[in-house]
Amino acid sequence: MALHQLSHLVIGVPNVEETAEYYIEFGLTGVRTEAGEWGFHTLDGGEQLRLVHSPVRRLVEMTVAADDRDDVGRVTRRLGGLGVEVTKGVNRVVAVEPVTGARVVVAVEPRLDQLAVRPTPYNGPGRLERINVRAPGIERVGQVRPRKLGHVVLGTTDVATTERFFLDGIGFRLSDRIAGAGAFMRCSTDHHNVLALAAPVSFLHHTSWQVDDVDEVGRGAMAMLEDHPERHVWGLGRHHAGSNFFWYLKDPAGNFSEYYSDMDCVLDDQIWTPQTLEGAKGLFSWGPPPPPSFLHPEDLAAMMTGAHAPS
Ligand SMILES: [Fe+2]
């Protein structure tokens with residue numbers, strides 16, 4: 001049938017324990033694996049993140065879920081056509097993205113069936129959805145808990161090659177482009193599951209996690225910043241590509257993590273027309289201006305020279 005989800009990431013960091021605490025505070029459920037590693041669960045997606053030790057922060061692996069063995073067979077043939085070496089199992093195929101070095105696993109997995117969350121009532125002109133009560137967004141008190149992993153963004157020194165690997169090899173579809181700088185690609189109905197972004201060095205830019213609505217984006221970020229204002233990167237705003245609300249925070253290893261809600265979904269590939277976004281539109285629709293460290297994180301220079309910031 002088809003690819004249907006970005007289901008799992010493995011991230012390498014020098015400071016596993018400290019970073020694990022961050023993702024637990026972020027709202028993921030941390031579980032020690034038998035191997036002594038940290039796995040992290042979302043509310044709807046099960047384990048979607050694992051942290052492993054690495055001298056430099058990086059994306060070690062991503063898993064793309066497919067419906068059946070025929071999908072895995074098709075991916076294997078397409079990667080072969082690109083001259084990419086693969087390791088093939090019965091229900092999975094593994095290849096290394098040639099520019100970033102990230103391992104990409106395509107595996108047969110069941111589809112994620114998310115239960116619908118009751119729509120948040122918002123009042124508007126002539127439309128009263130919430131009468132005689134305060135907004136749920138200000139009454140909520142529990143910890144914000146991401147529903148699922150949404151996307152991963154990779155800085156790549158060769159966008160064309162990374163893009164070809166995902167589009168022509170793995171079978172992602174193109175959703176939009178940033179002129180001269182990147183490609184938003186999807187392996188599910190979400191507008192993007194992978195963004196390949198031009199960068200002077202290949203690195204993990206951010207991971208993004210779905211929450212219920214814009215109030216949860218704001219509440220989640222505010223809770224993360226309460227005792228750690230240095231975690232703030234960029235938000236609150238709304239992207240143009242994907243339309244989602246966003247707020248970016250920084251984990252103790254330097255990776256950005258995003259709370260998002262209300263992303264565009266494409267169910268009919270024939271109806272969606274990819275755009276090439278120019279200028280600021282490639283970054284956002286509204287919000288505070290992005291800080292320079294959003295596109296060029298503070299440890300980029302150290303990663304370029306191979307020097308590692310002390311963990
Ligand atoms: Fe994002």
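**Notebook: salt bridges, an iron site and a pocket**

I began with Glu47, which I noted as partly exposed, because its relative accessible area is 23%, a value that falls between the 20% limit for buried and the 50% limit for exposed. The model I am reading is a predicted one, and I keep that in mind for every entry below.

**Entry on Glu47 and its partner**

I then looked up what the side chain of Glu47 meets, and found that it forms a salt bridge with Arg50, with 2.9 Å from N to O. Arg50 has a relative accessible area of 22%, and so I wrote it down as partly exposed too.

**Entry on other salt bridges**

As for accessibility, Arg32 counts as partly exposed because its value is 43%, and Glu17 counts as partly exposed because its value is 41%.

I next turned to Lys148 and Asp190, whose side chains meet in a salt bridge of 2.8 Å from N to O. Lys148 is in strand β9 (residues 148-156) while Asp190 is in the loop between β11 (182-186) and β12 (194-198), so this pair ties together parts of the chain that are 42 residues apart in sequence. Are Lys148 and Asp190 buried or exposed? I found that both Lys148 and Asp190 are buried.

I also came across a network, in which salt bridges that share partners join Arg140, Asp213, Glu216 and Arg219.

**Entry on helix α5**

Glu216, a member of that network, lies in helix α5, which covers residues 214-225. Its relative accessible area is 8%, and therefore I list Glu216 as buried. Setting aside the neighbours of Glu216 within four places in sequence, I found Glu216 in contact with Arg140, Val144 and Val211.

Gly220 also has its place in helix α5, and Gly220 is buried because its relative accessible area is 2%. Beyond its neighbours within four places in sequence, Gly220 is in contact with Val144 and Tyr259. I also looked up a separation along the way: the C-alpha atoms of Gly220 and Leu9 are 21 Å from each other, and the two residues are 211 residues apart along the chain.

**Entry on the iron ion**

Which protein residues are the donors of the iron ion? I recorded His151 (NE2), His206 (NE2) and Glu258 (OE), which lie 2.1 to 2.2 Å from the ion. Along the chain, these donors follow the spacing H-x54-H-x51-E. His206 is in strand β13 (residues 203-210) and Glu258 is in strand β16 (residues 256-261), so the pair ties together parts that are 52 residues apart in sequence. I then looked up how accessible they are: His206 counts as buried because its relative accessibility is 3%, and Glu258 counts as buried because its relative accessibility is 0%.

**Entry on the second largest pocket**

The second largest pocket holds about 430 Å³ of space. I noted that 23 residues line this pocket, and that those closest to its centre are Val117, Gln210, Val211, Asp212 and Asp262. When I sorted the lining by residue type, it divided into 11 nonpolar, 4 polar and 8 charged residues.

**Entry on backbone details**

I finished with the backbone, where a cis peptide bond joins Gly235 and Leu236, with omega at about -10°. Leu236 has its place in strand β14, made of residues 232-238.

Asn132 is not a glycine, and yet its phi is positive, at about 65°. I located Asn132 in the loop between β8 (103-108) and α3 (136-139), and I list it as exposed because its relative accessibility is 79%. Ser243, likewise a residue other than glycine, has a positive phi near 65°, and I found Ser243 in the loop between β14 and β15 (245-250).

Key: Residues numbered from 1 in each chain as written. Predicted model: local features only at pLDDT ≥ 70, side-chain atom pairs only at ≥ 80, totals over all residues. Heavy atoms only, no water. Donors = N, O, S within 2.8 Å, 3.2 Å for Na, K, Ca; no water. Helix = DSSP H or I, 4+ residues; strand = E, 2+ residues; numbered from the N terminus. Buried < 20%, exposed > 50% of the residue type's maximum accessible area, 1.4 Å probe, protein only. Salt bridge = Lys/Arg side-chain N within 4 Å of Asp/Glu carboxyl O. 1 Å grid on protein atoms, 1.4 Å probe; cavity = no way out; pocket = protein on both sides within 12 Å on 5 of 7 lines; lining within 4 Å. Points joined across faces, edges and corners; volume = space filled by probe spheres on them. Nonpolar A, V, L, I, M, F, W, Y, C, P; charged D, E, K, R; others polar. Contact = heavy atoms within 4.5 Å.
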